[in-house]
Protein chains: 2
Amino acid sequence: MKLAIVFGAQSFEHEISIVSAIAMKKVLKCEIVYIFCNNDRRFFLIPTDKITSKRFSSGEYLKDKELFIKQGGFFAKKLLGEEKIHYDCVLNLIHGADGEDGKISALCDFFSIPYIGPRLEASSISYNKLFTKLFAKEVGVNVLPYQLLRKESPEEIRIPFPIILKPLRLGSSIGISIVQEASELSYALDVAFEFDTAVLVEPFIHGIKEYNLAGAYLNDGFHFSIIEEPQKEAFLDFDKKYLDFSRTKRVNEASLSLVAQEALKNAFVALYQPLFQGALIRCDFFIHEETVYLNEINPVPGSMANYLFDDFETLLEGLSNALPKGVVMPPQSYHYIHSIQSAKGK
Amino acid sequence: MKLAIVFGAQSFEHEISIVSAIAMKKVLKCEIVYIFCNNDRRFFLIPTDKITSKRFSSGEYLKDKELFIKQGGFFAKKLLGEEKIHYDCVLNLIHGADGEDGKISALCDFFSIPYIGPRLEASSISYNKLFTKLFAKEVGVNVLPYQLLRKESPEEIRIPFPIILKPLRLGSSIGISIVQEASELSYALDVAFEFDTAVLVEPFIHGIKEYNLAGAYLNDGFHFSIIEEPQKEAFLDFDKKYLDFSRTKRVNEASLSLVAQEALKNAFVALYQPLFQGALIRCDFFIHEETVYLNEINPVPGSMANYLFDDFETLLEGLSNALPKGVVMPPQSYHYIHSIQSAKGK
């Protein structure tokens, strides 16, 4: 398998995408083609043997070969004509905007590029925390109660303190605050509204247990990761989660009853199938008073949650062979236009 | 205003998009640039004075100038270098797949092209009839009961006959059947599953009243169309709806009490704001036993529902000045990568 990793892009999580992409070099033995999308959304082919985080922060990558996306893939200009970049499959490793909101999926679908990652609809559902709630409820997975606040129409918060505020559409804990009492509210709202025009409010439950489960549907069925109980102090802030993205070592499995493990897997399957086909996702769950709740769906998890799998590379390769095909469109027959034309006698 | 109309694309509604696009020439006085997307998703600049439906059905358009989409807009290759196509704003006039499913929105957002049309999230919500239901319920708009059938996991239909079957993700009545009794079911399912892997089942209510209301949010507030009671025999099939897309003449206003009109407008606002900002949408409602139900949201309505407005062109121009700006991303500071580098002493 020759994998083209697309990363970076115009996102608050641009830097952690770079860290994630570099982490892949440590865990994958296959050939990797690195396609960097910069903050202006120009694509560059980064030499795999020369990739370092400094190449991006220093702007050195601007000297690398620029690529163009068009029907069929990524291309580099040559003196005469152009050259196609070869790979078997793209891995969408853009975290946050552009990558998890559906833009890169749409580009790949439009330009007929095979890719591992959430499809457009799946992206919209997982990127917007309100839509995630609506969808989870529809497929029978519990979620914590919530309230949506909009910048332009402030309203009273109906959920009792302590609460947690989250920008409606970001990942990686950016802009998230725990608010213990009313006096802290105004500052926390300002922070959250810096990142989105809408904010989701949820109860903050002390000591709630959090469990992460990753997985994907391959041609022979579901493949799950181990279940991890993430380390946390109150909750992971951005700096701590950031370190997460460079993780390449196995973690310890959470100690959970078989019943609880099954409950998490069942919830995962209900959420995944068929919306997330083609993606390796990590679902972050809560268990509280023996009930499973979905916290969030990460359709492009930090460093692809490689540290949760026994054989990450085989999984990724299997996934590249299990990408959804979508509806096959026949060529246009122009049947209706022909019939209008004959009706008009033209 | 110089408007670039993007139309066609890889969609079951490709041909009606062509008809819609040509209809725009009759109703708009402004300068129009026609950008055709063919079934292979290549873009062509169609001379405005030469546009006819035959140009597409005959393949004659293949001799027109081919365009490329990249950062900043659409470009044509020249002997030396390239030339940017100039316009003030794109009008997304692709019906169905590619246009209403979010792909063109994603391309325009990614490549910084201003456009009239639904944004990516709005597209996902309106294109998938299940998501439309979930969203409508969340914002307090009623929907008819429904059941989702998946091709791969058949189940008993729980809704009593007569029922209506709809492919989960298509518009324009394609693949839709009314099923009066069990004996007709199997054929109707086959038809619907030809177009999607999932089918939505709803009760078919004889004599239910249907009302269409279009509108958009401009800088000075909401602008609504007249409310139309569409002509229908049982329900509009594709051939009849098809004619709809070339409509350029005003229709008669539905005879409705002020209370009912207000109820439709309130439902429209609840659905539109803020998700559909930037788009002129048509909401198709039912009124049954004095209750308003949402049937569907058309975020790229046939011929832009121009025939429902008094001054369509001014509305479109106002909308081009009221496009949502989204979250402004600052340039990347590479703060985290710098701090990792200094921690490592690099």
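How many residues does the contact take from chain A and from chain B? The contact takes 69 residues from chain A and 69 residues from chain B. Please keep in mind that this is a predicted model. Below is a short tour, starting with the two chains and then moving inside chain A.

**How the two chains are related**
- Chain A superposes on chain B through a rotation of 180° with 0.0 Å of shift along its axis, at an RMSD of 0.0 Å.
- The two copies are thus related as by a two-fold rotation axis.
- Both copies use the same surface, as 100% of the contact residues of chain A recur in chain B.

**What lies between chain A and chain B**
- About 5,600 Å² is buried between chain A and chain B, and carbon and sulfur atoms give 66% of that area.
- Two salt bridges are counted between the chains.
- One salt bridge joins the side chains of B:Arg169 and A:Glu121, at 2.8 Å from N to O.
- There are also 27 residue pairs in polar contact between chain A and chain B, with both residues at pLDDT 80 or more.
- On the side of chain A that touches chain B, the residues are 35 nonpolar, 16 polar and 18 charged.

**The domains of chain A**
- The domain assignment gives chain A a domain 1 (2-116), a domain 2 (124-143 + 206-320) and a domain 3 (147-203).
- Between the C-alpha centres of domain 1 and domain 2 of chain A there are 25 Å.

**Where domain 1 meets domain 2 in chain A**
- This contact takes 25 residues from domain 1 of chain A and 21 residues from domain 2 of chain A.
- The two domains bury about 1,900 Å² between them, with 71% of it on carbon and sulfur atoms.
- In domain 1, the residues that lose the most area to domain 2 are A:Ile16, A:Glu100 and A:Ile116, which together make up 31% of what that side buries.
- Zero salt bridges are found across this interface, while six residue pairs are in polar contact, both residues being at pLDDT 80 or more.
- Helix 1 (14-27), strand 7 (89-92) and strand 8 (115-116) of chain A each supply at least two residues of the side of domain 1 that touches domain 2.
- Helix 1 of chain A gives the most to that side of domain 1, with eight residues.
- By class, the side of domain 1 that touches domain 2 in chain A has 15 nonpolar, five polar and five charged residues.

Methods: Residues numbered from 1 in each chain as written. Chains lettered and ligands numbered in written order. Predicted model: local features only at pLDDT ≥ 70, side-chain atom pairs only at ≥ 80, totals over all residues. Heavy atoms only, no water. Contact = heavy atoms within 4.5 Å. Buried area = accessible area lost by both parts, 1.4 Å probe. Salt bridge = Lys/Arg side-chain N within 4 Å of Asp/Glu carboxyl O. Polar contact = N/O pair within 3.5 Å; in protein donor to acceptor, adjacent residues only side chain to side chain. Nonpolar A, V, L, I, M, F, W, Y, C, P; charged D, E, K, R; others polar. Least-squares fit on C-alpha atoms with pLDDT ≥ 70 in both. Domains from an automatic or database assignment. Helix = DSSP H or I, 4+ residues; strand = E, 2+ residues; numbered from the N terminus.
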